[in-house]
Amino acid sequence: MNTGTVLLTNVLRRRRRSLDGAWRVIVDPYETGYVGIMGGRNDRGYFRDWSARSPSDRIEYDFDTSPTLEVPGDWTTQRDELRYYEGTVWYRRRFSADERAGHRMFLHVGAANHRCRVFLDGDELATHEGGFSPFAVELTGRLGGEHSLVCQVDNRRRPDAVPAMRTDWWNDGGITRSVDLVEVPETFLADAWVTMAPDGRLVGGGRLDGPDAAGAAVDLTIGSATTSTVRSGSDGSFELDLDAPTELERWAPGRPVLHDVTWMAGDDAIADEVGFRTVRTDGNRILVNDEPTFLRGISIHAEAPIRGGRAHGLAEARQLLGWAEDLGANFVRLAHYQHDEHMVREADRRGLLAWCELPVYWGIDFGSASTLADALDQADELVARDRSRASVILWSVANETPPSEERTAFLGSLVDRVRSLDPTRLTTAALFTMPTTERTHHVDDPFGELVDVVAVNQYLGWYYAEVDDVAGHEWTTAFGKPVIFSELGAGARQGHHGPADHRWTEEFQVAVYEAQLAMLDHVPDLAGLSPWILTDFRTPLRVLPGIQDGWNRKGLISDRGIRKAAFETLRRYYAERSR
Ligand code: GCB
């Protein structure tokens with residue numbers, strides 16, 4: 001449960017002061033910095049940020065002389081002894097800040113995995129759940145001079161969390177994305193978004209917050225000419241629904257036209273760059289700007305190749321998306337959780353289509369009301385952050401969840417929430433297919449009824465079925481909707497060569513890709529694919545010595561940034577498909 005947090009969007013477009021850099025840390029597996037030895041809250045906990053002033057002071061911790069970790073950054077790859085650590089780490093950063101009259105101050109955390117409690121000058125201000133989504137905490141009225149900011153970050157897995165106990169990626173702990181102080185006017189646009197609906201109208205809205213929020217005028221300017229004004233309601237919220245100016249040039253894959261967009265309300269103004277395009281389905285096709293668009297995709301984890309660790313920031317977004325472009329992709333699946341905001345903003349600038357995903361993955365406790373509440377909060381945070389991005393065409397609410405009534409109801413609630421926040425984009429979820437000896441496959445998971453696009457993960461030729469046979473497999477679904485193969489692939493250790501029937505060789509990976517790509521002709525509803533995966537990524541699930549060594553090797557590019565032979569196989573296929 002989140003307490004004390006507020007939703008704040010467009011943060012990258014705000015006046016900010018970075019708190020990134022070296023933070024002092026205390027590793028605290030028993031959580032003694034918060035819980036007393038007999039249980040209950042420890043009022044003398046580390047969040048007080050005390051240190052002994054005289055030799056007789058009874059204080060047994062000291063941030064000032066403790067080691068540091070870099071923020072943003074996972075602790076997993078920063079210090080070898082923390083690689084497998086799951087527990088609490090206390091982060092402390094001192095800063096000085098003053099408040100300006102007529103302004104408010106917020107702390108914004110891009111992501112902290114998985115739970116984060118925030119303390120300022122010893123006061124507990126907020127708790128946030130969800131390791132990949134942003135949150136903000138208001139600091140107004142508390143700043144002036146020197147301050148102690150303490151974050152208790154806890155990455156313990158829990159059966160009722162989202163995600164839950166097992167994932168095929170590393171459970172990186174830490175403050176993994178940037179931390180900023182954000183300054184806004186007293187009445188300000190806590191949220192503001194605009195996008196193009198499937199019928200070509202411009203829709204959006206947002207929320208004003210502050211003493212003058214009710215009944216205020218909000219102006220939206222697109223380019224130099226068009227200005228529209230709407231009025232906020234009594235709760236500060238406002239909605240937009242306008243004709244698009246006739247001269248408005250469309251954003252399209254490969255043609256990333258962005259317009260200067262300015263929001264103004266009272267003393268507040270936000271300048272952004274926004275693309276406008278339509279997306280909808282028609283039978284089994286996906287139409288972007290009314291043109292049937294085949295999604296030449298690739299799945300991406302937020303894994304920083306070469307540097308190693310959880311990816312963050314603009315430079316790594318550019319590296320990963322640049323490699324997707326080299327592959328000839330027009331589409332990226334940002335798996336399996338909310339990626340850094342820089343990813344979708346950079347996808348906007350490059351004209352790449354994107355799929356954004358919630359970490360509702362494998363063994364989720366679908367019967368738990370609090371788990372659903374957590375997933376819904378994460379949906380709010382993701383959709384609110386990214387719903388002005390033209391690149392984003394698909395919201396995925398889950399990955400590989402075994403069908404059951406409870407599961408389908410849970411995911412149905414998520415789809416409803418996503419649609420209510422953003423009725424303009426398509427919904428999906430990557431469905432699980434069971435290993436089978438059949439050569440014909442029929443997808444009829446009831447969840448397929450509830451989404452716009454049916455996405456299927458399948459590993460023919462790798463986990464099951466003979467490679468030589470795969471090209472002849474056939475696929476149908478019960479839905480008459482577009483189908484995406486959201487995963488397919490095979491593992492290979494880069495530089496490991498041998499016969500094409502030896503697993504883990506680059507040749508074997510190529511053989512699986514060739515067979516899979518030949519099979520695609522037998523999938524009549526196919527609207528795209530996002531093979532698994534762009535780069536190798538760290539995961540404790542993959543233990544084969546000399547081959548995996550803690551890495552999932554299904555990347556088309558190694559952890560050192562070197563392309564495997566299958567990169568070229570897929571690149572050639574995409575080059576042919578784009579003719
Ligand atoms: C899957 C999962 C993905 C795994 C992948 C694999 O189906 O969705 O998270 O990493 O398979 O490599 O087995």
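Helices and strands here are DSSP runs, numbered from the N terminus. With that naming, His336 sits in the loop between β24 (331-334) and α2. The model on the screen is a predicted one.

Ile533 lies in the loop between β32 (526-529) and β33 (537-538). As background, most peptide bonds are trans.

His336 also brings us to the ligand. Which residues come nearest to the ligand? Out of 14 residues around it, they are Asp168, His336, Glu400, Tyr463 and Lys554. By class, that shell has five nonpolar, four polar and five charged residues.

Now the polar distances. For Glu400, an N or O atom of the side chain is 2.3 Å from an oxygen atom of the ligand. For Tyr361, the corresponding distance from a side-chain N or O atom to a ligand oxygen is 2.6 Å. For Tyr459, a polar side-chain atom lies 3.3 Å from an oxygen of the ligand. On its own the ligand has 320 Å² of accessible area, and the protein covers 96% of that.

Seven of the ten residues of α2 are buried, so the helix is mostly covered. The buried ones are Glu341, Met343, Val344, Arg345, Glu346, Ala347 and Asp348. After α2 comes Gly351, with a positive phi near 75°.

Further along is α3, residues 369-386. How far apart should the ends of α3 be? At 1.5 Å a residue, its 18 residues should span 26 Å, and the end C-alpha atoms are 26 Å apart, which agrees. Buried residues of α3 include Thr371, Asp374, Leu376, Gln378 and Glu381. Also buried in α3 are Leu382, Val383, Arg385 and Asp386, among others. The buried residues of α3 pack against α2 (341-350) and α4 (405-421), and against the strands β8 (123-129), β13 (188-196), β25 (353-357) and β26 (392-399).

Two tryptophans have backbone angles to note. As background, most residues other than glycine have a negative phi. Trp362, in the loop between β25 and α3, has a positive phi of about 50°. Trp504, in the loop between β31 (483-487) and α6 (506-519), has a positive phi of about 75°. Are these two buried or partly exposed? Trp362 is partly exposed, because its relative accessible area is 25%. Trp504, at 14%, is buried.

Cys151 is in strand β10 (residues 145-154). Its relative accessibility is 1%, so Cys151 counts as buried. Leaving aside neighbours within four places in sequence, Cys151 is in contact with Trp23, Val89, Trp90, Tyr91, Cys116, Arg117, Val118 and Ile175. The C-alpha atom of Cys151 is 34 Å from that of Thr262, 111 residues away along the chain.

The other is Ser66, in the loop between β2 (21-28) and β3 (68-71). Ser66 has a relative accessible area of 11%, so it is buried. The side chain of Ser66 reaches the backbone oxygen of Asp62 at 2.7 Å. Not counting residues up to four places away in sequence, Ser66 touches Arg24, Val25 and Ile26.

Notes. Residues numbered from 1 in each chain as written. Predicted model: local features only at pLDDT ≥ 70, side-chain atom pairs only at ≥ 80, totals over all residues. Heavy atoms only, no water. Helix = DSSP H or I, 4+ residues; strand = E, 2+ residues; numbered from the N terminus. Expected span 1.5 Å × (residues − 1). Buried < 20%, exposed > 50% of the residue type's maximum accessible area, 1.4 Å probe, protein only. Contact = heavy atoms within 4.5 Å. Near = heavy atom within 4 Å. Polar contact = N/O pair within 3.5 Å; in protein donor to acceptor, adjacent residues only side chain to side chain. Areas by Shrake-Rupley, 256 points an atom, 1.4 Å probe, with all protein chains shown as cover. Nonpolar A, V, L, I, M, F, W, Y, C, P; charged D, E, K, R; others polar.
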